[in-house]
Amino acid sequence: MIADSTNFEITDELKEKIKNIIAAHDYDFTQIVGILVEVQQEIPQHYIPKIVAYYIAENLPDVKVSVIYDCITFYDALSDKPRGRYPIEVCDNIACKVNNNQFLIDTLQKLLNIGFDSVTYDGRFTLEKVSCFGACDKAPAVRINGQVYGNLDSEEKIRALLEKFI
């Protein structure tokens, strides 16, 4: 079961990792997106819980928690809601649409038995629709934990991809 954002407890280990990430970015508030992406990668459900957003704001000079939430809501790569261990981002730009991303979407929904912005029963996958991530030459494509997988034009290819994460 995925933990609810309001029940998330920040550990001393995570606090230390966050401090190290902020230090690696020289406490530079203009690098907030990179900081958030790196922090989110440290959390198994790939999201920024409320307590973590506040902790970042406390440790990063000149950044208010509202700025953190502005970033989270603006960038597709960031989330304030728990996600699966392997978020599957489906590219939904025009190049992917022309290359039949609807087949990819339908097949993923069927195989995972979930809709968009949902998590599989085992907490393994989340299915998300995002704008272009620069894989037009491999359309239709998905991105899983930052890695792009393309040319997913058959159920066999899609099934084989999902099996890599089981």
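Which residues of helix α7 are buried?

**Entry 1, ground rules.** I am working on a predicted model, in which local features need pLDDT of at least 70 and side-chain atom pairs count only at pLDDT 80 or more, while totals for chains, interfaces and linings use all residues. I number residues from 1 along each chain as its sequence is written, and side-chain values use heavy atoms, with hydrogens and water left out.

I looked up α7 (residues 155-163) and found Ile 158, Leu 161 and Leu 162 buried. Buried is under 20% relative accessible area, exposed over 50%, and partly exposed in between (1.4 Å probe, protein chains only). The three cover an arc of only 95 degrees around the axis, so they sit on the same side of α7; the arc is taken from the directions from the helix axis to the C-beta atoms. Their cover includes β1 (86-91), α6, β2, β3 and β4 (147-149). Helices (H or I, at least four residues) and strands (E, at least two) are DSSP runs, numbered from the N terminus.

I traced an open sheet of four strands in the order β2-β1-β3-β4, with mixed pairing. Two strands pair if DSSP finds at least two bridges between them. β2 and β4 are the edge strands, each pairing on one side only. From one strand to the next the twist averages 25 degrees. β3 and β4 run antiparallel and are joined by three bridges; Ile 144 stands opposite Gln 147 in β4. I then noted that α6 packs on the sheet and touches β1, β2 and β3, its direction making about 155 degrees with that of β1. Contact means heavy atoms within 4.5 Å; axes are lines fitted to C-alpha atoms, for helices over the stretch in contact, and angles run from 0 to 180 degrees between N-to-C directions.

Most residues other than glycine have a negative phi, and most peptide bonds are trans. I found a cis bond between Ala 139 and Pro 140, with omega about -5 degrees; Pro 140 is in the loop between β2 (125-130) and β3 (142-144). Phi is positive at Asp 26, near 55 degrees, and at Asp 117, near 60 degrees. Asp 26, in the loop between α1 and α2 (32-41), is exposed at 63% relative accessible area. Asp 117, in the loop between α6 (101-112) and β2, is exposed at 65%.

pLDDT is the predictor's confidence in each residue, from 0 to 100. I read a mean of 91 for the protein, with 96% of residues at 70 or more. Residues 1-5 stay under 50.
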